[in-house]
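Subject: Structure for you to look at

Hi,

Here is the structure I promised to pass on. Have a look at it first, then read my notes below.

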2 protein chains.
Amino acid sequence: MADPLFQRIALLGIGLIGSSLAHVIRRENLAGHVAIYTRSAETLAKAEQLGLGDSYHARPADAAADADLVIFCAPLGANASLAEAIGASLKSGACITDVGSCKGSVIRDIGPHLPEGVSLVPAHPVAGTEHSGPESGFAELFDGRWCILTPAPETDEDAVSIVTEFWCRAGSDVEIMDADHHDRVLAITSHLPHLIAYTIVDTASELERDLRKEVVKFSAGGFRDFTRIAASDPTMWRDVFLNNREAVLDILGRFTEDLTALQRAIRRGDGDALHDAFTRTRKIRRGVIDAKQA
Amino acid sequence: MADPLFQRIALLGIGLIGSSLAHVIRRENLAGHVAIYTRSAETLAKAEQLGLGDSYHARPADAAADADLVIFCAPLGANASLAEAIGASLKSGACITDVGSCKGSVIRDIGPHLPEGVSLVPAHPVAGTEHSGPESGFAELFDGRWCILTPAPETDEDAVSIVTEFWCRAGSDVEIMDADHHDRVLAITSHLPHLIAYTIVDTASELERDLRKEVVKFSAGGFRDFTRIAASDPTMWRDVFLNNREAVLDILGRFTEDLTALQRAIRRGDGDALHDAFTRTRKIRRGVIDAKQA
């Protein structure tokens, strides 16, 4: 058997993404040793019971010590304190990466705590399900999905290369872009859709009881798709919105203007305006199908 | 072979739903003869080429004459003129039904044109795909899906029974409710989700070209689901919004209030408000799963 890609990988956080990484690291022989830290003792015990790693740690510094690759897999809001906690324990030459849905805040929160000789290569695997927790992970989660890396221009090239290889072997297609640009793109493709899905499901949850029961019963007409998105992890998504505030508020402003225009067309009975808008959108769907993302 | 349920069924309109009905009518032996009318000569020729019916008519009255069951399958905006065109040709005892997504407007537009002795049993099969046209239909479209009937209280019971049997044999679970109530429920479960999906995809289509390309490329994060919904037939959906205006504007108002509250929480960095909202929505998803609609 070939040598593993890394001697020791530390996973900080063991939810859906962390546990999926644990599975794929084993399948692909990406690490000689997987060290797991997570904040909750109960979750850590669950991870051990599931046999997701080789060692289990109640302190992040113990997991990160001696690791060649440290992967931040906790909600974004935990990054700063985790980075502060592990900074002094990191070995020279270590690579730091993460799996967060926003990238500007990762650089802001983790970067200042890293010592000389340690490289930060932020990563966002564009993959997920509506399930959470260490039992929800599976090795195939990243298969054929994008993983976007957003290293700063001055980042060590070898570090970028090995993190790229890690994600390719996990099954992903890797793309490199600027962190701010990433945050604008994902605000549209992911953050706004989640915010809207959460909102419409919340609106439905406030209805009178009888009506709400029927909304659930007849959800197949479109609402059902929104309930799936709106079942995603609340802590993760709270942190996404707090950490990509400007890009989300910008696209939300545009969305609200467009929705108001359609609302006005409905109120005035302007069928042409509605038909025009509903026709434009078909072109985007065609693009999604052509890009093999459908 | 048993006698068919109806001697002659007329399909007025032959898009996704009409052509799916043609397939299931044949599979289940629901009619001795299927007469097809549709407004466009080109679509009518396509239906004939596909062999969807037994006779093809350029005038709706010719299709409806002698039919025991007439099914309106055109966009809602065509109902009034179609009903006016066929009213005088209907035979006594005929049943009239439809497949529209709003039910109040169906009663308003079709009812006044029906002669004595003809029954109207409005129907809404809660089923569909993002594809349109006579080639997009398939017999299984209605399998295990709800079909909601909204007959007026004074409607002939035999007419309600036979339309119920028709939809059951097409594979649907039939539910009977008041038309106004239907329109409120569907405004939430279907019409608002479609309006929102159209809006967000339209918002994306207005982005600068580079950003738009990447939105398509990375659409798997949530946006993709919206593009599928927003690829639905523009004419059908224009007519839904024009014909269920009040219920849609009401729920849209509530949605906008809720979205504004979340927007405010994001701007102020109020993580608790976000987390609370994102937690409430999981209960609705649980309901959808328990109702076996997921």
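Let's start with the domains. Chain A is split by the domain assignment into domain 1 (6-177) and domain 2 (181-290); such bounds come from an automatic or database domain assignment. The centres of domain 1 and domain 2 of chain A, taken over C-alpha atoms, are 30 Å apart. Where these two touch, domain 1 of chain A puts in 14 residues and domain 2 of chain A puts in 16 residues (in contact means that the C-beta atoms of two residues, placed from the backbone, lie within 7 Å). On the domain 1 side there are five nonpolar, seven polar and two charged residues. Here Ala, Val, Leu, Ile, Met, Phe, Trp, Tyr, Cys and Pro count as nonpolar, Asp, Glu, Lys and Arg as charged, and the others, Gly among them, as polar.

A word on the ground rules. This is a predicted model, where local features need pLDDT of at least 70 and side-chain atom pairs count only at pLDDT 80 or more, while totals for chains, interfaces and linings use all residues. Residues are numbered from 1 along each chain as its sequence is written, and chains are lettered from A and ligands numbered from 1 in the order in which they are written.

Now the contact between the chains: 77 residues come from chain A and 77 residues from chain B. On the chain A side, α7(A) gives the most, with 19 residues (helices are DSSP runs of H or I with at least four residues, strands are runs of E with at least two, numbered from the N terminus). That side of chain A divides into 41 nonpolar, 19 polar and 17 charged residues.

Over in chain B, which residues of helix α4 (residues 79-86) are buried? They are B:Asn79, B:Leu82, B:Ala83 and B:Ile86, buried meaning that 20 or more other C-beta atoms, placed from the backbone, lie within 10 Å of a residue's own. These residues sit on the same side of α4(B) because they cover an arc of only 100° around the axis, taken from the directions from the helix axis to the C-beta atoms. Among the elements covering them are β1 (6-12) and α5 (104-110) of chain B.

Last, there's an open, mixed sheet of three strands in chain B, in the order β7-β8-β9 (strands pair if DSSP finds at least two bridges between them). β7 (123-125) and β9 (173-176) of chain B are at the edges with a single partner strand each, so one side of each has no neighbour in the sheet. β8 (residues 146-149) of chain B pairs with β9(B) in the parallel sense over four bridges, and B:Trp146 stands opposite B:Asp173 in β9(B).

Cheers

Methods
A residue is buried if 20 or more other C-beta atoms lie within 10 Å of its own, exposed if 12 or fewer, and partly exposed in between; C-beta atoms are placed from the backbone.
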